[in-house]
Amino acid sequence: MDDRTTEAALSLTKFGVGQPVRRSEDPKLVRGEGRFTDDIGRPSQAYAVMVRSSIAHGIIRGIDTAAASAMPGVLAVYTAADLTSYGPHKSTMPLKNRDGSPIRYTPRPALAADKVRFVGDPVACVIAQTLAQAKDAAEAVALDIEPLTPVLGAAAAVKPGAPLLYDAVPNNLALDYHFGDAEKVAEAFAKAAHVTRLETSNQRMIVAAMEPRAAIGEFDAATGKWTLHSTSQGIFGMKAALMDILGAPADKVRVLTGNVGGSFGMKAGVYPEYVCILHGARMLKRPVKWTDERSGSFVSDHHGRAQDMTVEIAFDADAHILALRLTGYGDMGGYLAQFGPLLPTGNIVKNVVGAYRTPLLELSSKCVFTNTTFVSAYRGAGRPEGNYYMERALDVAAAELGIDRIELRKRNLIRKSDLPFKAASGMTYDSGDFPAVLKQALELADHKGFNKRKRASRKRGLLRGFGLAYYLEVTAADTKEMGGIRFNADGTVTIVSGTLDYGQGHATAFAQVLSEKLGVPFDRIRLLQGDSDQLVFGGGTGGSRSAMLGGGAVSEAAAKVIEQGKPIAAHVLEASASDIEFKAGRFVIAGTDRSIGVMELAERLRAGLSLPDGMPATLDVTHVTDAIPGAFPNGCHIAEVEVDPQTGAAQVVKYSAVNDLGTVLNPLLVEGQMHGGIVQGLGQVLLEQAVYDADGQLVTGSFMDYAMPRAHDAPTIAVAHHPVPTKSNPLGAKGCGEAGTSGGLPAVANAVIDALSAYGIRHLEMPMTPARIWQAIEEAKKN
């Protein structure tokens, strides 16, 4: 075996799919050698600062920019009047009201023109030679805004007589959504032996990614080409949105994204600041840079969750689910965000029934405008919310029915023999083994030893709770993805992907796929994602799609390399192409020991290998998959908490998670994703909430007031896998990016309520802060 054969074999055994390979991205990042957007400096760049409304709702009577324009270093001050040649920001979700009429779209200009609709609404953009000069001038812009009464909370906003954000949107109602057969659901509830009803909320969340948004706009007057350096979740989608806003063709818009410090859905879309700096770059003939600060990001980045739902479950006499009905609101904030209206509507439908045999489902939800920051996708984007509604309601139902919580779930879980299973959502689950996952999770969590741990906690004056949640979610469905492969002159191989890494570890996972499929040495593989000029398609990263679609695209592209390489290898080996097989990174003449490695063949081609006419001259491929269906990652998460009844403080002390994520490309990466998602769920249950006062001012406007989870809040998390690969994509992967939150949110909430059940408490709204828990205990003592 020569060195090249050994190298290929090592790639398969050490760096193939399923191996716990350390992230190849990390050494560069921990050395401080990452290249984030704010690290970029362009020659002669100017600096932009946004002027934002400090009033939640008001009519713009005037904006005086004269004083600011005259200040030292100021190059320009723009208002809405300067940006009329550009199109608006808009949502394109094709949703309809229950009567069949379309959603009420409210296109948003980059700068507010007539009214301001939330605190932080941008009204002007100041550009100066230095950042300090731009900040000083921004403070000199005088706003004349006539205050109007703000409306806060979706339920209040739809009441008759409530202040209107838009004259053309009666009752502030953007969408009156309905799914399901109301008559059949009503019949199921009428004949039910028991009905559980739970009113609950998913509170408004600040996304709070580690890296604030940043962007640099450039315009080449000679070619008429726009270039945006920006944080994002996928440059192809952002390019398409910019083309629409700028009115520019595809070859005149370029988007570049380097390293990204987290996003969780927030950096996916085009924000007003990007249009302002691109306009400035064109008018001033120089690059313009804008970087948000944390105080600005709290009000200008879109928020998450913000839903209020009433959940009802109808049971028969044997505690089998007959129907599930939800009625409630989704708070859209001041504008309709790109994905905002999808979250409390279609994404709840797809995810709320989970892994349970639920014959009927009805959802009635209203998407409502309020004078708050607009709302869109936040890790899970309807998936954690849907699973939370079902799992919380099941715990309440178990208490009302006098049935063990685990037994109630066992009675209703989809059996392996039921698959494929047509859910009430209209989705068809293709694979899984839900009872086995539940069983494994109970064993991992040492459920049998819980009572002993509970007694030990009691001796220390603490309440101990056991919370279980079985989540199932659907990942991004029926979309395509690009997977290009290039063999470079320096002996490396570049994967070109339309996904985008913002912390997931794509360079590692995709390299593992390529190593396994082609035997390319892991350390020679590079990843290109963040340049729209290099892509022919790109779906970006979101909805837990990257392993399925990005990895699947790499797998299919590798197969194309093999097919493309067989006739070339046959020519080199002086054999028939039909006799060529591909094994362990080598093209082999079947039944012989004669072969050539894929890397050696690429090297021969670069050296000018003479080929017959019509034969491919390269192994490079550019590939876009067909639309790949979604998959259904699922799992059982179990949390244990201790609550101090004297102070109300709750601490998660034990956490176990068993997941069916299909084929696991890299267990280390998956475990990291799981930890992060679980802690975000924990944060929502115990700590986080965006709070507005009666005037629409964000009270929790900094980390002094908005409580993020810290390291000491996180328990040791045990993660295990029960993979049942899906057949919907080449790798059998189901996705994992949002699963931790979908399981963590209801598991931790159920654990806290279980701890408080000693006082007869069956539900508590999130965040379950020490004050809220203590108050609930004190109230329960009085009853």
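Helix α11 meets helix α19 through R383, P384, N387, Y388, E391, R392 and D395. On the α19 side the contact residues are T741, S742, L745, P746, A749, N750 and I753. The model is predicted. Elsewhere, strand β25 sits in an open sheet of 4 strands, and 10 of its 10 residues are buried.

**Helix packing: α11 and α19**

- Helix α11 covers residues 383–401, and helix α19 covers residues 739–756.
- Two packed helices are described by the angle between their axes and the distance between the axes.
- For α11 and α19 the angle is about 30 degrees, and the axes lie 8 Å apart.
- Angles under 35 degrees count as roughly parallel, so α11 and α19 are roughly parallel to each other.
- Their crossing is right-handed.
- The residues of this contact divide into 6 nonpolar, 4 polar and 4 charged.
- Among the α11 residues in the contact are R383, E391, R392 and D395.
- Among those of α19 are L745, P746, A749 and I753.

**The sheet**

- The strand order is β18-β25-β26-β27, and the pairing is mixed.
- β18 and β27 (717–721) are the edge strands, and each pairs on one side only.
- From one strand to the next, the twist averages 15 degrees.

**Strand β25: burial**

- β25 runs over residues 634–643 and is mostly covered.
- Both of its faces are covered.
- One side carries N634, C636, I638, E640 and E642, all buried.

**Strand β25: partners**

- β18 (residues 463–472) pairs with β25 in the antiparallel sense, over 10 bridges.
- In that pairing, G465 stands opposite V641 of β25.
- Y470 has C636 of β25 as its bridge partner.
- β26 (residues 650–660) also pairs with β25 in the antiparallel sense, over 10 bridges.
- Here E640 stands opposite K654 in β26.

**The β25–β26 hairpin**

- β25 and β26 form a hairpin with 6 residues between the strands.
- In this hairpin, G648 takes a positive phi near 85 degrees.

Note on methods:
Residues are numbered from 1 along each chain as its sequence is written. This is a predicted model: local features need pLDDT of at least 70, side-chain atom pairs count only at pLDDT 80 or more; totals for chains, interfaces and linings use all residues. Side-chain values use heavy atoms; hydrogens and water are left out. Axes are lines fitted to C-alpha atoms, for helices over the stretch in contact, and angles run from 0 to 180 degrees between N-to-C directions. Helices (H or I, at least four residues) and strands (E, at least two) are DSSP runs, numbered from the N terminus. Angles under 35 degrees count as roughly parallel, over 145 as roughly antiparallel, 65 to 115 as roughly perpendicular and the rest as oblique. A crossing is left-handed if the near helix is turned anticlockwise from the far one by less than a right angle, and right-handed if clockwise. Contact means heavy atoms within 4.5 Å. Ala, Val, Leu, Ile, Met, Phe, Trp, Tyr, Cys and Pro count as nonpolar, Asp, Glu, Lys and Arg as charged, and the others, Gly among them, as polar. Buried means under 20% relative accessible area, exposed over 50%, partly exposed in between (1.4 Å probe, protein chains only). Two strands pair if DSSP finds at least two bridges between them.
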